[in-house]
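Hi everyone, thanks for coming. I have one structure to walk you through today, so let me put it up on the screen.

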Amino acid sequence: MTNKVTKAGSISRRRLLTTASAGAALAVSPFRINLLKAEEAAIKIGFPVPLTGPYGAEAQDQVRAGQLAVAQFNDAGGLNGRKAELIVRDDRLNPGEAATRTLELVEKEKVNFVVGSLSAAVQLAINNVTKERGVIFNSISQSDAINEAADFSKHTFHEALNPHMTSGAVGRYAFAKFGKRVAFLTADYAYGHEMVRGFLEVGKEFNVENLGDIRHPLGTTDFSTLLPRLQALKPDILCISNFGRDQQIALKQATDFGIKKSIQIIAPLLSHASRVAAGPQAFEGVVGGCSFYWGIEDKFASTKAFNDAFRKTYDGKLPTDYGALGYGGVRTVLEAVKGAGSVETDKVVAALEALKYDDYKGPQYYRKCDHQSVQSVLVIKSKSKDLRNESDVFEVLSTEEPNEKNLRTCEALGHKS
Amino acid sequence: MAGLSFDLIALQLFAGLALGAIYVLFAIGLSLIFGMLTVVNFAHGAFYMVGAYVGLYLISIGGNFWICLVAVPIAIGLFGLAVERVLIRPLYGRGIDYPLLLTFGLSYVMVECVRIAFGKTGYPFDTPEVLQGAVDIGVGYFPLYRLFVIGATAVVLLALWLFLEKTSFGLIIRAGARDPQIVRVLGVDVSKMWLIVFGIGTAIAGFAGLLAAPLQGAIPEMGGTILAEAFVVTVVGGMGSIGGAVLAGLLVGVVVSMTSLFAPEMAKVSIFALMAIVLIVRPQGFFGRAGLMS
């Protein structure tokens, strides 16, 4: 345990220190101008993610896998020898901070593309900036709003699942199996609201009874005052729609309160990093959704290839769900750059729209009207027994294949076509 | 939402008391230090956080939770002694804002050091095996560990009370808090006394951090939230009053819990609303002595 504790800490610290000191050295170097000139040819991808705060564990995975996608692109020769570079910024899970960092990335760093974010709310702030500046933004975090005409622009792409798809898949599985009386514990911001809306929508098909929705602020550390009420509602299903540390703490405390004895807990998204961080007990038996699980490598060659490359780069570690999104988000943009033979925004947009790709989880493509990646949704269950390795944490219960039927229609989103 | 039953309200009340226990434990250290030294210890949250991390570290090298219960307060207390001796002592007699700013800065240094040593993401902290699970307390199931926290808080309070009220050293401390000048004239080394009080205060903070860790894990920022809430507790209870901190801590816990029952989204605000009301009605808090801040 000690080794694990200090080792994990020191790896990220070392990386942080090298990045920081390299940056500082560059800033004070008299050769700065020359260096910048020499680097001008690099394809720059800005990567704002919440490295500090309750979603830090997931964000670190996004960075690792994003860097892998860049390294692979460069090893394969880049764009006719032109290399790519990932410029990571900490948005601290704060929309204002994210907007500032993104503006800096666009104005100062002159990035060609922006990929990143991990919050339904923060990504909209990033999108506002990139939209205005005409820079391509590929979001790797869940949001329904980003698909809608009001927030969408032709420069906006969405590699992650959206809450409608996720809650739809989990709801269809859970409501048929565990019962109709449902209570909600929800993080009080866009992500939670969109998930609950999705659950209630799919719940109509199953005549689900909504017993109540208790909301908590983002970054809550104590749920003990909310849990007795939820227990007293006597639901069949308790649906906990939060993320990161909130999810870890909520599930741990719900377990402590003995909620699992009589109630099935479901979550729209079960975060791999959170499950690893919280340990098997808190998550045991919880059913939820995800966009990626390394275990589907038996099914898809692309997953196997991604896992192997990730293992090789990161001392045998396996990628997580949000790591895979970091990889996919960066990789599709670079693929489009290669396809377009240029970093020119319009050409890359056209190339992304035309892309049919299978990079890490089976076939995907960006829907024309809202640039939402049409892809599979996995329904998974956290397990605590017979773990083959430290990443062996989930069991895939069912898979919803990629299908535009599971997305809201283009008309419903306010798009013309 | 379903109707309210007696059991639910009773259970909710109990959850509030359990939550209040952590507030109490945190706030008495803060109050003790302020009451005796008139130092507003802004690093109290950082000591609390370091307590959780020291526990995490001890367990990772083969210790267990029970050893931590003893070792963590000692370790954090010793650390507190060093901080008082080296950093805070030179600032006595310079006005209340000097140690306040110092401890404020110190808290940033401590949080950053922990981030460097253990990483930014934090670690889970397993509930000790014998305290896992929920027990039936008559009105419903309640986590065993939270009952343990209430018990541990009571033990610490009792020990502190006995120490302050029943020992001769406690007598000197109380006298020193009332009039350091006279106590000094009587030949008592006041600075040694303050050193020990600061050590005890930080030791309790470390202990509280250790107790909180199995509830929510350990992260570098865990001291920040509770510090804000604990200041409310000390203000409501009366700055520097230990009895006030106990009463106010439990009250804040119950207020949060009861607000959660009827309007969960108001729970966070309710703490500050309570403070506002108390300040309007009784500006010095429940048991506060007027003029301590001046």
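Let's begin in chain A, where the centres of domain 1 and domain 2, taken over C-alpha atoms, are 26 Å apart. Before going on, please keep in mind that this is a predicted model. The domain assignment for chain A puts 41-161 + 298-374 in domain 1 and 164-290 + 377-406 in domain 2.

How many residues bring the two domains of chain A into contact? Domain 1 contributes 21 residues and domain 2 contributes 22. On the domain 1 side that touches domain 2, α3 (56-75) and α13 (321-340) of chain A each supply at least two residues. The largest share of that side comes from α3(A), with 3 residues. By class, the domain 1 side that touches domain 2 splits into 11 nonpolar, 5 polar and 5 charged residues.

Let's stay with α3(A) for a moment. This helix also packs with helix α12 (residues 301-313) of chain A, at an angle of about 100° and with the axes 11 Å apart. At that angle α3(A) is therefore roughly perpendicular to α12(A). Where do they meet? If you zoom in, you'll find A:A65, A:L68 and A:Q72 of α3(A) meeting A:A309, A:F310 and A:T313 of α12(A). That contact of α3(A) with α12(A) has 4 nonpolar residues, 2 polar ones and no charged ones.

Now zoom out to the whole of chain A. Its secondary structure amounts to 14 helices and 15 strands. For 417 residues, a compact globule would have a radius of gyration near 22 Å, and chain A, with 21 Å, agrees with that. Along the principal axes, the C-alpha atoms of chain A fill a box of roughly 65 × 55 × 40 Å.

On to the partner chain. Chain B has 11 helices and 2 strands. Reading from the N terminus on, the elements of chain B go α-α-α-α-β-β-α-α-α-α-α-α-α. Chain B has 294 residues, for which a compact globule would have a radius of gyration near 19 Å, and the value for chain B is 19 Å, in agreement. The box for the C-alpha atoms of chain B, again along the principal axes, is roughly 65 × 50 × 35 Å.

There is a helix pair to look at here too. Helix α9 (residues 222-237) of chain B packs with helix α10 (residues 242-262) of chain B at an angle of about 125°, the axes being 8 Å apart. So α9(B) is oblique to α10(B). The crossing of α9(B) past α10(B) is right-handed. Among the residues of α9(B) that meet α10(B) are B:E229, B:V232 and B:V233, while the α10(B) residues include B:L247, B:A248 and B:V252. The contact of α9(B) with α10(B) has 7 nonpolar, 4 polar and 1 charged residues.

Finally, the place where the chains come together. Chain A puts 36 residues into the contact and chain B puts in 41. Which elements of chain A each supply at least two residues to the side that touches chain B? They are α1 (2-28), α3, β7 (209-216), α8 (227-232), α9 (245-256) and α10 (272-278). Of these, α1(A) gives the most, with 6 residues. The side of chain A that touches chain B is made up of 16 nonpolar, 14 polar and 6 charged residues.

Methods: Residues are numbered from 1 along each chain as its sequence is written. Chains are lettered from A and ligands numbered from 1 in the order in which they are written. This is a predicted model: local features need pLDDT of at least 70, side-chain atom pairs count only at pLDDT 80 or more; totals for chains, interfaces and linings use all residues. Domain bounds come from an automatic or database domain assignment. Two residues are in contact if their C-beta atoms, placed from the backbone, lie within 7 Å. Helices (H or I, at least four residues) and strands (E, at least two) are DSSP runs, numbered from the N terminus. Ala, Val, Leu, Ile, Met, Phe, Trp, Tyr, Cys and Pro count as nonpolar, Asp, Glu, Lys and Arg as charged, and the others, Gly among them, as polar. Axes are lines fitted to C-alpha atoms, for helices over the stretch in contact, and angles run from 0 to 180 degrees between N-to-C directions. Angles under 35 degrees count as roughly parallel, over 145 as roughly antiparallel, 65 to 115 as roughly perpendicular and the rest as oblique. A crossing is left-handed if the near helix is turned anticlockwise from the far one by less than a right angle, and right-handed if clockwise. The radius of gyration is taken over C-alpha atoms; the globule rule is 2.2 Å times the number of residues to the power 0.38.
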